[in-house]
Amino acid sequence: MCGIVGFTGTKPVKDFLLEGLHNLEYRGYDSAGIALLLDDNSLFIKKRSGAVDVLEDALHETDMPAQTGIGHTRWATHGAPSEINAHPHFNADKSLALVHNGIIENSYVLRESLEAEGYHFVSETDTEVIVHLLDKVYKEREDGDLLQALIDVSKVLEGSYAIVLLSSEHPGELFAVRNGSPLVLAKHDDGAYIASDVIALVSRVKHVITMDNNEFAHLKKDGSVHVYNDKKEELEHIIQELDVNHIPLDNGEYPDFMLKEMNEQPDVIERLGQDRFDAGSIRLDGLNLSDEEIKNTDKIFIVACGTSYHASLLAKNYIENLAGIPVEVAVASEFANQHVLVTDHTLCIIVTQSGETADTLAAARKIKDLGARVFAITNVLGSTAARESDGVIYTKAGPEVSVAATKTFVAQIVAVFFLALFFAEKNGRLSSEEVLSHLKDIQDLSVKLGEVLSKQEDYEKGSRFFAQAHSALFIGRSLNYPIASEGALKLKEISYLHAEAYPAGEIKHGPFALLEPGFPVVVVIPHDDTRAKTLSNIKEIRARGAVVLAVATQGDAEVEENADFVFWVPSVPPLLTPLISVIPLQILARKVALDRGQNVDRPRNLAKSVTVE
Ligand code: F6R
């Protein structure tokens with residue numbers, strides 16, 4: 001979840017490190033630091049608690065010609081967010097400095113044995129264990145082979161990690177290992193680059209190499225990059241072109257990335273619809289499944305976390321409803337302890353925007369080991385999920401910077417809807433004409449999303465009311481229960497207001513006790529066959545004096561009469577109501593968060609990709 005960046009070459013490195021850290025800040029922002037190799041081959045280290053800006057201010061006066069360095073932006077796991085715990089960490093004589101992403105699971109045992117040997121620790125982090133262990137192994141070798149020392153140390157480390165290492169004894173060189181947490185490399189005339197995410201490199205290079213697990217890299221200032229396995233055999237790697245057009249480095253005319261990304265949703269829908277519609281029928285090329293395999297599928301497991309879990313709940317509804325295949329959905333972190341029954345005809349689908357969520361990847365590996373084939377729905381080209389799966393559907397929403405998922409959620413819903421149509425056509429449950437008509441409905445949706453997004457000023461009164469609340473309830477039925485859940489998640493993650501979602505019919509079984517005058521309840525009530533029952537729920541809620549904010553279909557006079565606030569959405573086909581109902585909930589969450597003075601792009605304690613279990 002932290003961000004890593006590094007460079008060695010023939011140009012000053014400091015500005016690149018700071019620029020890279022700014023671009024990576026969405027991955028973690030509780031503290032930041034850099035280490036530079038100075039002309040006298042000593043290491044200069046500067047760290048600060050807080051955002052990259054704080055580090056930048058601290059470095060403002062420093063004129064640094066250094067041409068080799070590493071940087072890090074942290075999301076705390078072991079130890080509080082503080083200057084001491086910030087990376088880079090270094091050994092006692094400051095000849096080694098390293099940055100790390102991930103968790104070292106056996107750090108406690110390693111720390112105890114290093115302390116027994118006289119190593120003195122200054123931080124609470126698991127990362128410091130790595131640098132002292134390297135110090136010990138490297139010095140014991142006496143042959144100056146730092147790459148081999150890194151290979152030896154990685155055999156002792158348990159957990160997932162990406163490490164980049166700088167040494168005063170190896171000027172103009174960087175060393176790295178990837179084991180579970182992503183790293184990309186780039187060769188350039190200026191020098192060699194490394195980062196945890198291409199977004200840190202996009203302004204500098206046009207091509208990257210993605211490291212695989214258990215690979216080691218050696219970068220040199222002449223721009224060369226060598227990748228090795230743990231036997232120190234050099235490996236060939238595919239050099240991939242970066243799609244620079246789709247990597248946003250600033251929020252342009254928008255006050256924040258969240259609003260920018262929300263406003264991109266109509267285009268995302270249009271692009272996805274067009275892609276499949278032009279093809280004349282539903283095409284999911286990345287899936288790599290024969291018609292026979294689809295027909296024989298007896299069960300699908302879908303695993304995911306957070307917002308992607310909510311898209312997975314919709315996937316269950318769509319696939320069971322349209323394609324008639326039983327689907328089980330699990331929260332990835334719970335899946336680890338679940339007894340899972342698979343047959344030769346079971347498929348697993350992981351839904352993950354980042355493609356790097358550790359819980360989701362662990363679940364995928366578990367079900368793969370049981371013999372099921374795994375397919376990924378992800379937004380990130382070349383992500384671990386994409387690389388480790390048997391097939392991939394890309395959501396093509398473009399990079400999402402704001403921590404709260406918005407456009408990628410909408411893209412996930414479209415992707416799982418396509419998947420259901422694809423299976424349904426192959427199973428003979430839908431004709432090509434029916435599939436095309438559904439695809440057309442998706443295309444028409446783009447304009448309707450745009451309409452909702454263009455009326456954000458209509459939300460002021462309702463949002464202001466919620467901004468004063470201490471807690472809120474979100475309810476919805478059937479396809480719109482996952483949307484109520486997504487609305488509650490969005491609200492709590494960026495406004496820090498407690499919110500809980502319930503299936504509308506379930507609130508009588510307990511949550512009703514929460515209702516009192518003024519208590520806020522969001523009710524998602526589209527004009528479909530769930531409306532009548534949900535309308536009764538609204539009346540029951542109002543009878544207890546609670547305040548109802550309804551997300552309802554334009555023109556529904558009965559809802560308007562019974563609700564305190566209404567966020568209107570245009571009428572859409574019943575299966576697609578989640579795609580339109582979620583938009584007002586995103587707008588509500590953002591407005592409430594802003595009213596409460598929060599940074600909507602960087603909610604406290606969260607990071608964009610959660611690469612620890
Ligand atoms: C919420 C949010 C998170 C993610 C979750 C899974 O706005 O973004 O709940 O959905 O951490 O992340 P991915 O989809 O990258 O696996």
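## Helix α3 and its buried side

The buried residues of helix α3 are Ser-107, Leu-110, Arg-111 and Leu-114, where buried means under 20% relative accessible area, exposed over 50% and partly exposed in between, with a 1.4 Å probe and protein chains only. These residues cover an arc of only 100 degrees around the axis, which puts them on the same side of α3; the arc is that of the directions from the helix axis to the C-beta atoms. The model is predicted: local features need pLDDT of at least 70, side-chain atom pairs count only at pLDDT 80 or more, and totals for chains, interfaces and linings use all residues. Residues are numbered from 1 along each chain as its sequence is written, and side-chain values use heavy atoms, with hydrogens and water left out.

The face of α3 turned away from the buried side carries the exposed residues Tyr-108, Val-109 and Ala-116. The cover over the buried residues of α3 includes β6 (96-104), α4 and α5 (146-156). Helices (H or I, at least four residues) and strands (E, at least two) are DSSP runs, numbered from the N terminus. Just after α3, Gly-118 takes a positive phi of about 100 degrees.

## Packing of α3 against α4

Helix α3 (residues 107-116) packs against helix α4 (residues 127-141) at an angle of about 45 degrees, and their axes are 10 Å apart. Axes are lines fitted to C-alpha atoms, for helices over the stretch in contact, and angles run from 0 to 180 degrees between N-to-C directions. The two helices α3 and α4 are therefore oblique to each other; angles under 35 degrees count as roughly parallel, over 145 as roughly antiparallel, 65 to 115 as roughly perpendicular and the rest as oblique.

In this contact (heavy atoms within 4.5 Å), Ser-107, Leu-110, Arg-111 and Leu-114 of α3 meet Val-129, His-132, Leu-133 and Lys-136 of α4. By class, the contact of α3 with α4 has 4 nonpolar, 2 polar and 2 charged residues. Ala, Val, Leu, Ile, Met, Phe, Trp, Tyr, Cys and Pro count as nonpolar, Asp, Glu, Lys and Arg as charged, and the others, Gly among them, as polar.

## Helix α15

In helix α15 (residues 460-467), the residues Gly-462, Ser-463, Phe-466 and Ala-467 are buried. Seen down the axis of α15, the buried residues fall within an arc of 140 degrees, so they line one face of the helix. Among the elements covering them are β21 (471-476), α16 (481-495) and α19 (577-595).

## Residue Asp-30

Asp-30 lies in the loop between α1 (14-24) and β2 (31-37). At 17% relative accessibility, Asp-30 counts as buried.
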